[in-house]
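Reader: I would like to learn how to read a structure of this kind. Please take me through it feature by feature.

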Amino acid sequence: GMHVGSVVSGIIGRTKFAFDIWGDTVNLASRMESTGVPGATQVTATVYELLKAREAFVLRGPVEVKGKGQITTYVSHAPLLAGPSDEPPDLSPRHFNVVEMLSAW
């Protein structure tokens, strides 16, 4: 799952250090993953608006998200929503540099 926004980051530990991030953005991205469709990447409307010119999305609709209520979501690589086809859906991973993409806007 994906969401975009502000986060707080830090290093925790005294002898074994670990880097982590916290915040509402992280929590919402986690909820996008946990309520998502298998084989698809579920994103919030904010991510959809940023990436719609570069990625094909299908509106999934409102999803109940703990602590947030109904959130409009979209999915990419959604074989369950694509309809009947003789060709299997392309589920190959797409890798991109988020910082590079967002700096273009």
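**An aromatic cluster and its surroundings**

Author: Y48, F57 and Y74 are linked into a cluster by ring pairs. Bear in mind that this is a predicted model.

Reader: How many aromatic pairs does a search of the whole structure find?

Author: The search finds two. A pair of aromatic rings is described by the distance of the centres and the angle of the planes. Y48 and F57 make an edge-to-face pair, with 5.6 Å from centre to centre and 80° between the planes. Both of these residues are buried.

Reader: Why is the pair of Y48 and Y74 called stacked?

Author: The ring centres of Y48 and Y74 are 3.8 Å apart and the planes meet at 5°, so this pair counts as stacked. Y48 belongs to helix α2 (residues 45-51) and Y74 to strand β5, so the pair ties together parts 26 residues apart in sequence.

Reader: Is Y74 buried or exposed?

Author: Y74 has a relative accessibility of 14% and therefore counts as buried, the cut-off being under 20%. For the protein as a whole, buried residues are 24% of the 105 residues.

Reader: What is the order of the strands in the open sheet?

Author: The sheet has three strands in the order β3-β5-β4, with antiparallel pairing. β3 (41-44) and β4 (58-65) are at the edges with a single partner strand each, so one side of each has no neighbour in the sheet. From one strand to the next, the twist averages 40°. Four bridges join β3 to β5 (residues 69-76) in the antiparallel sense. T41 has S76 in β5 as its bridge partner.

Reader: Which helix packs on the sheet?

Author: Helix α1 (residues 24-34) does, touching β3, β4 and β5, and its direction makes about 140° with that of β3.

Reader: Which residues of α1 are buried, and why are they on the same side?

Author: The general idea comes from the helical repeat. An α-helix has 3.6 residues a turn, so residues three or four places apart point the same way. In α1, the buried residues are T25, L28, A29 and M32. They cover an arc of only 100° around the axis, which puts them on the same side of α1. Their cover includes β3, β4 and β5. E33 and S34 are exposed, on the face of α1 turned away from its buried side.

Reader: What is the pattern along the sequence?

Author: The protein has three helices and five strands, and they follow the pattern β-β-α-β-α-β-β-α.

Key. Residues are numbered from 1 along each chain as its sequence is written. This is a predicted model: local features need pLDDT of at least 70, side-chain atom pairs count only at pLDDT 80 or more; totals for chains, interfaces and linings use all residues. Side-chain values use heavy atoms; hydrogens and water are left out. Helices (H or I, at least four residues) and strands (E, at least two) are DSSP runs, numbered from the N terminus. Buried means under 20% relative accessible area, exposed over 50%, partly exposed in between (1.4 Å probe, protein chains only). Two strands pair if DSSP finds at least two bridges between them. Axes are lines fitted to C-alpha atoms, for helices over the stretch in contact, and angles run from 0 to 180 degrees between N-to-C directions. Contact means heavy atoms within 4.5 Å. The arc is that of the directions from the helix axis to the C-beta atoms. Rings of Phe, Tyr and Trp (its six-membered ring) pair if their centres lie within 6.5 Å; planes under 30 degrees apart count as stacked, over 60 as edge-to-face and the rest as tilted.
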